[in-house]
Amino acid sequence: MCTLEKRGRVLILTLTGSGEHRLGPDLISSLRSALATARSDRTAAALVTVGEGRFFSNGLDLAWAQNSSEGITTLVSLVKPLIADLISLPMPTVAAVTGHAAAAGMMLALAHDYVYMRGDRGVLYMSELDIGLPFPDYFMALMRAKITDPRTLRDVTMRAKKITGTEAKERGLVDKVCQSASETVAEAVKMAEELAGRNWDRGVYVSIRMSVYPNLCKSLEIPQESDEAVTKHFASKL
């Protein structure tokens, strides 16, 4: 399903295998377990997420949903805490999008602080309009938080536009475009190492991230720090 490797102070979370990395119960559980391990590692200072093969993630496991009595509603509810785990992770995060990232797979990528994308292959694509599914509220909250240009938000949601790496960079969806899968991973790890080298306070980092995206955190039901808790944290540093 996935592996978690540590290189210095950088953790590399890899969706393994040559498949589509569709988000079904097993993969979601495996990813959440890896993120729990990352959260508990007090020496870790940054995370990179990578998808092997042609896909970063091709979205929800629709085949599982069609063959299960629980259906797609269950998958939507299972992905929500996965996204919350990333938004509340107390360290910088970088997605190395080395293949297609569609629907919930695109949400997985955008839930990272930085997105590096392969330029020679792969698209970002919210397929819900094309397949006749509405967006969950937290999908929209994540897109509003991370897609600041209204025309791009329109094209992603109301046009179901497939966006290549080069266009994604021009539209501000990704931070860097690389020439190959291996270069994308290498550059993402390099960025993560640079961020880890800043030695930021983990609690302060996640607190600031959550304050940047208050509406997203509310949609994901992530508890917000009270003013009293923030004041106590500042007082402890004096």
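Guide: Helices here are DSSP runs of H or I with at least four residues, strands are runs of E with at least two, and both are numbered from the N terminus. By that rule, Ser-182 falls in helix α9. This is a predicted model, so local features need pLDDT of at least 70 and side-chain atom pairs count only at pLDDT 80 or more, while totals for chains, interfaces and linings use all residues. Residues are numbered from 1 along each chain as its sequence is written, and side-chain values use heavy atoms, with hydrogens and water left out.

Visitor: Is Ser-182 buried or exposed?

Guide: Relative accessible area decides that: under 20% is buried, over 50% is exposed, and partly exposed is in between, using a 1.4 Å probe and protein chains only. Ser-182 has 57%, so it is exposed.

Visitor: Let me turn to charged pairs. How many salt bridges does the structure hold?

Guide: Side chains of opposite charge can pair when their charged atoms come close. The test used here asks for a side-chain nitrogen of Lys or Arg within 4 Å of a carboxyl oxygen of Asp or Glu. The structure holds 13 such salt bridges. One of them joins Lys-6 and Asp-41, at 2.9 Å from N to O. Lys-6 sits in strand β1 (residues 2-7) and Asp-41 in the loop between α1 (25-40) and β3 (46-51), so this pair links distant parts of the chain, 35 residues apart. Lys-6 is partly exposed, because its relative accessibility is 37%.

Visitor: Which residue forms a salt bridge with Arg-32?

Guide: Asp-85 does, and the closest N and O atoms are 2.6 Å apart. Because Arg-32 belongs to helix α1 and Asp-85 to helix α3, the pair ties together parts 53 residues apart in sequence.

Visitor: Which residues form a nonpolar patch on the surface with Val-204?

Guide: A patch takes residues with over 30% relative accessible area and no salt bridge, joining like charges within 9 Å and nonpolar side chains (Val, Leu, Ile, Met, Phe, Trp, Tyr) within 5 Å. Val-204 forms one with Ile-208 and Val-212, and together they have about 240 Å² of accessible area, computed by the Shrake-Rupley method with a 1.4 Å probe and only the protein chains shown as cover. Val-204 lies in helix α10 (residues 202-212), and Val-212 is in helix α10 as well. At 32% relative accessibility, Val-204 counts as partly exposed. Between the C-alpha atoms of Val-204 and Arg-54 there are 36 Å in space, and the two are 150 residues apart in sequence.

Visitor: Now the backbone: what is phi of Ala-103 near?

Guide: It is near 50 degrees, a positive value in a residue other than glycine. Ala-103 lies in the loop between β6 (100-102) and α4, and is buried at 8% relative accessible area. Asn-199 likewise has a positive phi, near 55 degrees. Its place is the loop between α9 (181-196) and α10, and at 53% relative accessibility Asn-199 counts as exposed.

Visitor: Last topic: what volume has the second largest pocket?

Guide: On a 1 Å grid over the protein atoms alone, a pocket is an open set of points where a 1.4 Å probe fits, with protein on both sides within 12 Å along at least five of seven lines; lining residues have an atom within 4 Å of a point. The volume is about 260 Å³, the space filled by probe spheres set on points joined across faces, edges and corners. Of its 18 lining residues, Leu-60, Ile-72, Glu-128, Ile-131 and Leu-133 are closest to the centre. Helices α3 (71-87) and α5 (128-131) each supply at least two lining residues, and the largest share, 3 residues, comes from α3. The lining divides into 12 nonpolar, 4 polar and 2 charged residues, where Ala, Val, Leu, Ile, Met, Phe, Trp, Tyr, Cys and Pro count as nonpolar, Asp, Glu, Lys and Arg as charged, and the others, Gly among them, as polar.
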